[in-house]
Structures are given as structure tokens and as C-alpha cells.
Amino acid sequence: MTPTNSPAPQSAENPPADPQALLVWYDRHRRSLPWRAPAGSRADPYRVWLSEIMLQQTTVQAVKPYYERFLARFPDVESLAEAPQDAVMQAWAGLGYYSRARNLHACAKVVADDHGGRFPADEDALRALPGIGTYTAAAVAAIAFDIPAAAVDGNVERVVSRLIALEELLPGAKPRIRTVTQAMVPQERAGDFAQAMMDLGATICTPKRPACALCPWMADCTARREGLQESFPRKAKKAPREVRHGAAFVAERADGAVLLRTRPSSGLLGGMAEVPGSDWRADYPLSQAILDAPCEARWRRLPGIVRHVFTHFPLELTIFHARLDRHAQAPDGMRFSAAEELAEEALPSVMRKVLVHALPGWDAPAVAKAAKRGAAAEKGAGKKK
Ligand code: SF4
């Protein structure tokens, strides 16, 4: 590509940069990732799909250990389809965005039951599967089947918006970015091109201080020529996130068992285990807590609060603790989890924090590790892959 002072309008006939230059760069600098096939060979669709679902809103570093453990436990789509939902949620616990795990399980069942255990080699058919959206369908189609599909995630949005110095704001600019990306997807090596775009965004065209001198598209990049790389992509301002408050109740039976319940299967943390608690809302008067307690007991408010940041809001929980008689029965819809089994429950990071706060020394190393891992995964929202 020859640099010009005024970039030509982009169309399918006029890609802004040469895909072959990117592929040459990729052949030398591709990242080694556990879900990637060796150079020159076709990737397993199950592994591509699993990694792409895990990588949604989550960093590569956070995903790697989960991916390895998940694959060891569910090595193929049939074993995942046959697993109980609890086992899937437990394997996912700490990775965040739990609707992904429910959809993952549902998708595996559809692939096993309706597609003979094989992912369809068709972008539209992939998009019709549970939990597979436009980006994931394109990524699996390209990487697993070499279909020339445009897989546009946050990394690609950044690279393309810089290449053409796109003034239009995200998310409104998405269709334009898709059209421009599609114009660059080669008919051959479409899977490598998709992965090369991911690698370029993750390692060279980073959100801050992109390494333009190492970029195979440096000569083609309008933002680089104008010295405005970091100002792209342009984004619409987000509304400030309001803190929510609530109470959580840790009821500890004399034998160490802890009262738990399962959250509704849809919605935030759907299907995950939790200690009973109140709704989470902008204003939570603590006088309300006695009404929200799951059972009658000598509830003691613990000092301090537990903070957790979800994608759409920060949460602050006040923790109450009570000791119950060893013969105490669980209220309807709840259960006691034995002390030695608690760490194996499908507890999201926020609930692990609550238990660590309320039960000093409870499985401290394992829980701290899981909470840290989970927090890293959950905080990876929107970060580069
Ligand atoms: S030249 Fe710089 S800003 Fe442009 S695509 Fe390459 S790394 Fe990104």
C-alpha cells in the first residue's frame, strides 16, 4: 500500500491495508496460545469455540488456567453436553459473566443432539447456536473452518478505526468497521488473518502507546500519519455507574456447614451458589436487614464491608454472621454446604469474598487464590485479548 495524504473512501473493492503484509508478520510473530493449532494445521472447532467464549470480556492471561482445567474435565463437546449443569458452573466459577457458562452448556447439547457432535461449518448456522453471537460465529467460522468471515472484536475495532482514522463514535461505528474489516479478509488463510488481527491488537496496536514502528501496516495507517493513534477509536461517553448496596447473611452451623442457596438460572450470576442476602440497590437501609435475614438467629453485623466491581456497577455488601445449632434445618429453597465441600461450590468471586470476610481462615489459601483469579478474570472486562 502506498501512503497518501488523503485516504481514499473504503469499500469492499478498496481495503485500507494489505492483508498479506499482516499474514507475513503473523507467520513470524504469532502468539503461542493453548487453544491454537500449530502453524499450517486446522484448529479443533470445540477448542476454538470454548476459548472464544471464555475470552469474551476476559484477558488471555486470566483465561489460560481456566481453559486448561475445563478442557481436562470436558475434553470434547459430548462430555460437556452430558455433564450436569452444576459441574459446568463449578468449573466456570471465578471466571465471571456466568450466563456464558449456561449458554456454553446449552450450546454443547444442541451441537451433540442436533448436529451429530460437530459444529456446523457455516457462519449463519453457528450464529443460531445458544450463546454464539456475531463475533464468535465469525471467529469460529474463520479459525476452525477457514471461512472468510470478519471477526470484529474490541481489538479489531481499535486497529481498523486507527487505520482509517474513523471519526464516527462507537458503538454506532460498528457496521462501518465491519465493512472495512470484511474488505480486508483474504479468501485464503482467513483463520490466520482473524488470529493475526487479534495478535496485532493485543501486542502492537495496544490501547496505549501502540508500537507503530513494529506494525506491518504502519505505512497505511492514517491515525499514525496524523500522530493521533491513541485518540482512536472514538467512543460515546458512558453514563456513570451507580454503587449498589445490600446485605449478605453467613449462617454457620455448629458442624461448620454454611447455609447456601442457588441464584435463579437467568440474570446476573445466574445458576451460581450464594449465601442468602438482600436485593442489591442504590439505597439499602441497614434497618431493612433484619427483614431480609433468612432465618431467626442472633445475627451479628461484622465490621467492614465487602466490595466487588461488576461490569455495570460496583457493589458494597454489609455482612451479618450467625452461629446455628448443629441440628438446624435449612429454610425452603436453601441448603447447608458442609465445611469441606464449600470450596468446591460454584461460588462467584463476590461470594468467596463474603465467606473469607465472615469465616476467617476458611480455606484461606485456596479461596484467596480463587478470588484473585476470579477478580482478575472478571475485571478483565473489555481488556485486550
Ligand atoms: S500503525 Fe500504529 S496505530 Fe496504526 S494500526 Fe499499526 S500499531 Fe495501530
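Buried, in these notes, means under 20% relative accessible area, exposed means over 50%, and partly exposed is in between (1.4 Å probe, protein chains only).

**Setting up.** I am working with a predicted model, so I keep in mind that local features need pLDDT of at least 70, side-chain atom pairs count only at pLDDT 80 or more, and totals for chains, interfaces and linings use all residues. I number residues from 1 along each chain as its sequence is written, and side-chain values use heavy atoms, with hydrogens and water left out.

**Entry 1, salt bridges.** I took a salt bridge to be a side-chain nitrogen of Lys or Arg within 4 Å of a carboxyl oxygen of Asp or Glu. By that rule I get 15 salt bridges.

I looked up Arg 335 and Glu 345, whose side chains meet at 3.0 Å, N to O. Arg 335 sits in strand β6 (residues 334-337) and Glu 345 in the loop between β6 and α14 (349-358), so the bridge ties together parts 10 residues apart in sequence. (Helices, H or I of at least four residues, and strands, E of at least two, are DSSP runs numbered from the N terminus.) Glu 345 is buried at 14% relative accessibility, while Arg 335 is partly exposed at 30%.

Next I checked Glu 274, which pairs with Arg 261 at 2.7 Å between the closest N and O atoms. Glu 274 has a relative accessible area of 6% and is buried; Arg 261, at 22%, is partly exposed.

Then I turned to Asp 199 and Arg 31, with 2.8 Å between their closest N and O atoms. Asp 199 belongs to helix α11 and Arg 31 to the loop between α1 (19-29) and α2 (45-55), 168 residues apart. Both Asp 199 and Arg 31 are buried.

I also noted a salt-bridge network that links Asp 27, Arg 189 and Asp 192.

I searched the whole structure and found 1 cavity of 30 Å³ or more. A cavity here is a set of points on a 1 Å grid over the protein atoms alone where a 1.4 Å probe fits but cannot get out, and lining residues have an atom within 4 Å of a point. The largest cavity holds about 110 Å³, a volume being the space filled by probe spheres set on the points, which are joined across faces, edges and corners.

Of its 15 lining residues, Arg 162, Cys 205, Cys 212, Cys 215 and Cys 221 come closest to the centre. Helices α9 (154-163) and α11 (190-204) each supply at least two lining residues, and α9 gives the most, with 3.

Terms used. On a 1 Å grid over the protein atoms alone, a cavity is a set of points where a 1.4 Å probe fits but cannot get out, and a pocket is an open set with protein on both sides within 12 Å along at least five of seven lines; lining residues have an atom within 4 Å of a point.
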